[in-house]
Amino acid sequence: MKIVVCVKQVPDTNEVKIDEKKGTLIREGVPSIINPEDKIAIEEAVRLKEEFGGEVTVISMGPPQAKDALVEAYAMGADKAILLSDKAFAGSDTWATAYTLSQAIKETGQFDLIFCGRQAIDGDTAQVGPQVAENLSIPQITYVKGVDIEDDEIIAKRQLEDGYSVIKTKLPALLTVIDGLNEPRYPSIKRIIDAYNKEDTIQTWTVEDFEVDKDKLGLDASPTQVYDTFVPTRDHEPEILEGDVEEKVEKLIKKLKEEKVV
Amino acid sequence: MDFNISKEHEMCKKVYRDFAEKEVEPIASEIDENCEFPYENIKKMAKADMLGIPFPQKYGGAGSDTLNYVFAIEELSKSCATHGVILSAHTSLGADPIYKYGTEEQKEKYLKPLATGEKLGAFALTEPNAGTDAAGIKTTAVLKDGQYILNGNKIFITNAGAADIFIIHAMTDKSKGTRGISSFIVEADTPGFSLGKKENKMGINASDTRELIFQNCKIPAENLLGKEGMGFKIAMGTLDGGRIGIAAQALGIAQRALDETVQYTQEREQFGRPIAKFQGLQWEIAEMATKVEAARNLVYKAAKTKDEGKRFSKEAAMAKYYASEIASEVANKAVQLHGGYGYIKDYPVERLMRDAKITEIYEGTTEVQKMVIAGSLLN
C-alpha cells in the first residue's frame, strides 16, 4: 500500500501571542510544531503500513525550516519525506497550496491513500485536504475517526455532531482525520539521528523538480483576499448566576428577556 | 565551552521533554508514593529507541552519543529522578560494559536486546562489606567443567527486580585482591540466582533496589566479560561512564527545583507582594541558578570529553561531585523558599529534596569522586 501524508508546520498556538495593532500572530520565539491533526494522519499512515506493508511518503510545503516537521514525520516511521520549498510558493492560499501539493503527489507516482489532518491550527480552514482530492479526482472522506481496509476498499467512520456515518469507497481515496483516531507515537531517537545523518532521507523540491504551471503558484495565483484581520474584543464582563438550578434558570430567563433575546 | 549542540540533539531533547511531560510527570508523585516500578513507561521509552541512545545501530542502539544520552536523563529527571536512574543504570552500567569489553558474540546475544530495550540491564559490585573498597568482595566465581559457579550476595542493586541481564563482579582469585575480581554476564532466570526483598528507601522510591543472592549459580564460561582478573578495571571504567549519567540526573533534579522556586516565589504573596520581590530571596535564586548552570557545564563537558574519545575519569568525577552536591543544596533551598508548602507532598520540591540525596552517594560517594579527582592530579 502506497500512502501519502500531507503535513503543515504551524506555530504552537498554545504559546502564540497576537499583535493587537496589526491583528497578526507574533511568530518570534514561538516554537513550531507539526499541526496536531497532521500528526494523527502520519500515525494512521504508519500503522496501516505496519499492518499491510508498503510505503509512507510525507509531503509538506513551507519555508526551509519546515524541514524540522519532516524530520519528525520521518522519525515517526515515514519512509520518505519531501519538502516543497521555493520562493515561487510563498504567499499561497489554500487553493494554490492544494494545487502545488497535488502536483507533487502526482510526481511521486501511484498511490492508494492520501491522509491529511482535518485543518491546521493556524488557519482553521479545513480546505486543503478536500481541494487536493478534487485536484486528483479521487473520492474524499473528511472528519475521519476510524479506518478499516478491506481489499481495495476503505471503510471510514466519519464524525458528525451527533454521531457518525460509515462510508465505504474504493481506493485510491483521500481522508482528512481528526483528533481521537489514534494516539500518535513518539518519534524514534534512532530515526532522528538517521534523518540528519543518512543521505536523502529528507528531499527538498523546488519549482524545477516537478511539473507545475508556474501561473498557478504563490500569492499571485491565490484567489483569497484578506480585507482585515482583528482581535475580537470583549465588551461584556461575564456574569455567574448563583443559586440552585431552578433559581438559576429563572434568573437566566429573566436576563434573556431583559436583553430581548427571547 | 562550545558544546556544539546540533539540530539533531535539539530535536531529541524536545522528544525527551515531551515524553517527560506527557508520560512521566503525571505518574511521578504516585509511583514515588507507591514505590511502583514504571514498567509501562520503560516499554514506551524502548519503542522510541531511548534505551540504547549512545550505542551503534548495528548493536541495536540509536547511534547517537553521550551528550544526547545526558539530555535524556536530564529531561526525564526533571519530572522523575527514578526514570533518570533506571535509564542510567540500564545504559551505562548494564549495557556499556558489554559494548566496551564484550566479545562480538556477547554483543550480539546481550547488548542488542539491551540497546533495543527488549531487555533491561543492571550492574552489581556492592556487597555488605564491599562498596568503595572493592577488594573486600566476598562473592566468588569458580570455574568447573566449563561453567563458573557463583556464590555470594550483592546489595543495593538498582533495577534488580526489573532487570533481565546483570553484570556481576566476583572474586576468581582472592589472593590477588582487586586483581582477582572478574566480571560476568548473568541472566535473571539462571537457577541459583534469586532476589532479596525490595529496599525501602528515602527517595527514588519507584526504582527497584534489591539484594542479589547467588547460591551455586552456574553460568556458562563464555559469560565471562573480558578476561579473568579484569573485573576491577571493568567496574571502574564502567562507573566512570555511569557517573556522567548520575550527574545528569542530579542536574535534572537541580534544574527542576530551581524552576519550581522561580515560579512559586513569583506567585506566593506575603506582606502585600510576591516574595520574589524581596532582595534576600532574589539573591538565593541567583545563587541557585548560577550553581545549576555551572553544574550543567561540567556535566556536558564530561559527556563531550567521553564522546571525543579522550580520558574522562576526572571530568566525570568532577561533574558527579559538583552536580550531586548542588542538587541537594538547591533542592533543600527550594523547600525552604516554599516554606510550609515545600514540606507537603503536593509540591514536587519535597520529592526533589529526597531524590537529590542519593546522587551524592551511589556510583561513588562524593568522597570517592574527590579521590578520583585528586588521584588524577597527584602522582
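## Interface between chains A and B

Across the interface of chain B and chain A, one salt bridge is found. The model is a predicted one, and in it this salt bridge joins the side chains of Asp68(A) and Lys7(B), with a distance of 3.0 Å from N to O. On the side of chain B that touches chain A, the element that gives the most is α1(B), which provides eleven residues. By class, that side of chain B is made up of eight nonpolar, six polar and seven charged residues. Between the two chains, six residue pairs are in polar contact, both residues being at pLDDT 80 or more.

In terms of contacts, 21 residues of chain B meet 15 residues of chain A. The two chains bury about 1600 Å² between them, and carbon and sulfur atoms account for 61% of this area. Glu8(B), Met11(B) and Gln57(B) supply 34% of the area that chain B buries against chain A, which is more than any other three residues supply.

Ser188(A) is located in the loop that runs between β12 (173-177) and α5 (189-197) of chain A. Its relative accessible area is 6%, and the residue is therefore classed as buried, the cut-off being under 20%.

Leaving aside residues up to four places away in sequence, Ser188(A) touches Ala75(A) as well as Ala48(B) and Asp49(B) of the other chain. With Asp49(B), the contact is polar: the two side chains are joined at 2.5 Å. Within chain A, a polar atom of the Ser188(A) side chain lies 3.0 Å from the backbone nitrogen of Arg191(A). Glu72(A) is 116 residues from Ser188(A) in sequence, yet the C-alpha atoms of the two residues are 8.6 Å apart in space.

## The nonpolar core

The largest nonpolar core contains 113 residues. Those with the most contacts inside this core come from both chains: Val5(A), Leu113(A), Phe115(A), Ile154(A) and Leu175(A) on one side, and Met50(B) and Val299(B) on the other. The largest share of the core is contributed by α6(B), with eleven residues.

Which residues does Met50(B) touch, not counting residues up to four places away in sequence? In chain A, the residue touched is Ile189(A); in chain B, they are Val15(B), Tyr16(B), Phe19(B), Met45(B) and Leu87(B).

## Overall features of chain A

The secondary structure of chain A consists of six helices and 13 strands. Along its principal axes, the C-alpha trace of this chain spans about 65 × 45 × 40 Å.

Chain A has 262 residues, of which 44% count as buried. Among contacts in chain A between residues at least 6 apart in sequence, 72% join residues that are at least 24 apart.

Terms used. Residues numbered from 1 in each chain as written. Chains lettered and ligands numbered in written order. Predicted model: local features only at pLDDT ≥ 70, side-chain atom pairs only at ≥ 80, totals over all residues. Heavy atoms only, no water. Contact = heavy atoms within 4.5 Å. Buried area = accessible area lost by both parts, 1.4 Å probe. Salt bridge = Lys/Arg side-chain N within 4 Å of Asp/Glu carboxyl O. Polar contact = N/O pair within 3.5 Å; in protein donor to acceptor, adjacent residues only side chain to side chain. Helix = DSSP H or I, 4+ residues; strand = E, 2+ residues; numbered from the N terminus. Nonpolar A, V, L, I, M, F, W, Y, C, P; charged D, E, K, R; others polar. Buried < 20%, exposed > 50% of the residue type's maximum accessible area, 1.4 Å probe, protein only. Core = buried A, V, L, I, M, F, W, Y, C linked by side-chain atoms within 4.5 Å.
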